[in-house]
Amino acid sequence: MARKSTTQSKIVWTVIAWVVALVIFFPILYAVITSFKTEPEAIDGFSLIPSGTFENYITVQTQRDYFKPFTNSVILSIGSTILALIFAIPAAWAMAFAPTRRTKDILMWMLSTKMMPAVAVLLPIYILFRNFGLLDTRIGLTIMLTLINLPIVVWMLYTYFREIPGEILEAARMDGANLWKEIVYVLTPMAVPGIASTLLLNIILAWNEAFWTIQLSTTNAAPLTAFIASFSSPQGLFWAKLSAASTMAIAPILILGWFSQKQLVRGLTFGAVK
Amino acid sequence: MATQNTKTLARLMMAPSVIALLVWMVIPLSMTLYYSFQNYNLLTPQNVSFGGFFNYQYFYTDPAFFTAIWNTLILVVGVLAITVIGGIAIGLLLDQPIFGQGIVRILVISPFFVMPPVAALIWKNMIMHPSYGVLADIAKFFGLQPVDWFAQYPLFSVIVIVAWQWLPFATLILLTALQSLDGEQKEAAEMDGANFVNRFIYLTLPHLSRAITVVILIQTIFLLGIYAEILVTTNGGPGYASTNLTFLIYRTARLGYDVGGGAAGGIIAVVLANIVAIFLMRAVGKNLDK
């Protein structure tokens, strides 16, 4: 009897969980469905069955040059992530393996820069960017995204590096490994998973950053966030096209995101929840 | 333990990051502080003069300021309430043995990866639109008058969108914490005859308290800066009904070209964010000591 009730309760919980999950996922699903509808269909009442046209995807590309903001998003998110890693890997390394009394203070201070409200420095940054000719350039936005995500990258790497046991280095040294061998054969293989996780999460964060990218770009360097935001004014009936653009904007990162659930928890809580 | 050599090396390795962040923090912030005491409008850049506390006074006496502060508070508290309560509920649900758990999890966390402008536009056009949205379709189906969400309940609509984006984050963190709850403890409590409610109050909730604190603090940092969702849906309106502090400063600075006023608002935002930050640093710092 006990067994039967567990199976029963499992079915009940399954049904509830699936209903909740589908309700939460519904707006995304509906946008994807709408992207395969024609424009008249898109506003013609509720329907989950599109006529299956690819017209919108083609129109978004031919009329609005979708490929350009997409390329910008790819360049900005990957570029800023790699730049941040170049800065952060040595720093996190030093903090994890040669900690001093001040290491903790430096880490906390880095975290505190993340808490500075972006809008508080909007004008200085805007004026600096204008004076240095960085407005609406990929270089300017890459620098910006690097700086705002650097604290998270350092923190995340630090929490990973800290878990590499120091004894293993001593053991390697006893076996006669020199510093170079130590780095190549012992430390790097142990650090790679942490670096990969950090890379993944940071690309997601940079891809979706929607304050600085909108403020500091107009056309040339505008990534998808700014591109989609430019659709906000009502320009007649364009929902199917908007849905197509939206689907393409979120699909790559959604798929990356599904693989990064664990890293997300760790990275965004600064290691406080694992 | 560390020799002088490794210490020097460690400093050199940290230097690029520390210097980059120091420059990034000190220069713009001191500029903001400086501008906040200047009468400086980008439309009349030749007339820059020392303004004392005029900008602060201007911000403080602007009725929109208190509306914005109030809206910021409602937005943050509203989203926190929905995401924390919803996150615990969904976390408990996903912690049950269910069929297709992996897929359910993926569906639930997906909204977090949707960029803010897309999330806001999907909700604005396809869900909450008064004539073509799904909610309007549902209302019509039941013979009711569809609600014009963004005109009648602008702030509430923004709260719904933002809560939808952050619910996955809260769920994921609370679920991670739930899964680390000792199974033996749960069983022991069950054996002792504790029912679900008692187990939840005396065992689960205390275990979650730390994760809940982290969720609240981190979300607050991000929620204070909500911008894109307001920009593409209500643009702060009608009037100032959905303008938060971030959006008010953006309006003053970028749309009003008022550098001094925007800077004073920025300094006020920094002070408010710092109050939150102090609590967050304590919570995270405690973990570091362990």
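**Close-up views of a two-chain predicted model**

**View 1. Residue I203(A) in its helix.** I203(A) counts as buried because its relative accessibility is 13%, where buried means under 20% relative accessible area, exposed over 50%, and partly exposed in between (1.4 Å probe, protein chains only). I203(A) sits in helix 9 of chain A; helices (H or I, at least four residues) and strands (E, at least two) are DSSP runs, numbered from the N terminus. From I203(A) to M110(A), the C-alpha to C-alpha separation is 20 Å in space and 93 residues in sequence. This is a predicted model, in which local features need pLDDT of at least 70 and side-chain atom pairs count only at pLDDT 80 or more, while totals for chains, interfaces and linings use all residues. Residues are numbered from 1 along each chain as its sequence is written, chains are lettered from A and ligands numbered from 1 in the order in which they are written, and side-chain values use heavy atoms, with hydrogens and water left out.

View 2. Three cavities of 30 Å³ or more turn up in a search of the whole structure. On a 1 Å grid over the protein atoms alone, a cavity is a set of points where a 1.4 Å probe fits but cannot get out, and lining residues have an atom within 4 Å of a point. Grid points are joined across faces, edges and corners, and a volume is the space filled by probe spheres set on the points. The largest cavity has a volume of about 70 Å³. Ten residues line the largest cavity, and K114(A), F270(A), I218(B), I221(B) and F222(B) are the closest to its centre. Helix 5 (103-114) of chain A and helix 10 (196-223) of chain B each supply at least two residues of this lining, with helix 10 of chain B giving the largest share, three residues. By type, the lining of the largest cavity holds nine nonpolar residues, no polar and one charged. Ala, Val, Leu, Ile, Met, Phe, Trp, Tyr, Cys and Pro count as nonpolar, Asp, Glu, Lys and Arg as charged, and the others, Gly among them, as polar.

**View 3. The second largest cavity.** The volume of the second largest cavity is about 40 Å³. Its lining includes S73(A), L76(A), S77(A), W207(A) and E209(A). Helix 4 (67-97) and helix 9 (179-208) of chain A are the elements that give two or more residues to this lining. The most, three residues, come from helix 4 of chain A. Five nonpolar, four polar and one charged residue make up the lining of the second largest cavity.

View 4. The unreviewed UniProt entry places the feature "transmembrane region" at several spans of chain A, among them 12-33 and 238-259; UniProt positions are given in the numbering used here, feature names are shortened, and annotations may be inferred rather than shown by experiment. Residues 12-33 of chain A are 100% helix and 0% strand, with end C-alpha atoms 29 Å apart. Residues 238-259 of chain A are 91% helix and 0% strand, with end C-alpha atoms 33 Å apart.

View 5. Chain A has 13 helices and zero strands, whereas chain B has 13 helices and two strands. Of the 274 residues of chain A, 53% count as buried; for the 290 residues of chain B the figure is 55%.

Note on methods
On a 1 Å grid over the protein atoms alone, a cavity is a set of points where a 1.4 Å probe fits but cannot get out, and a pocket is an open set with protein on both sides within 12 Å along at least five of seven lines; lining residues have an atom within 4 Å of a point.
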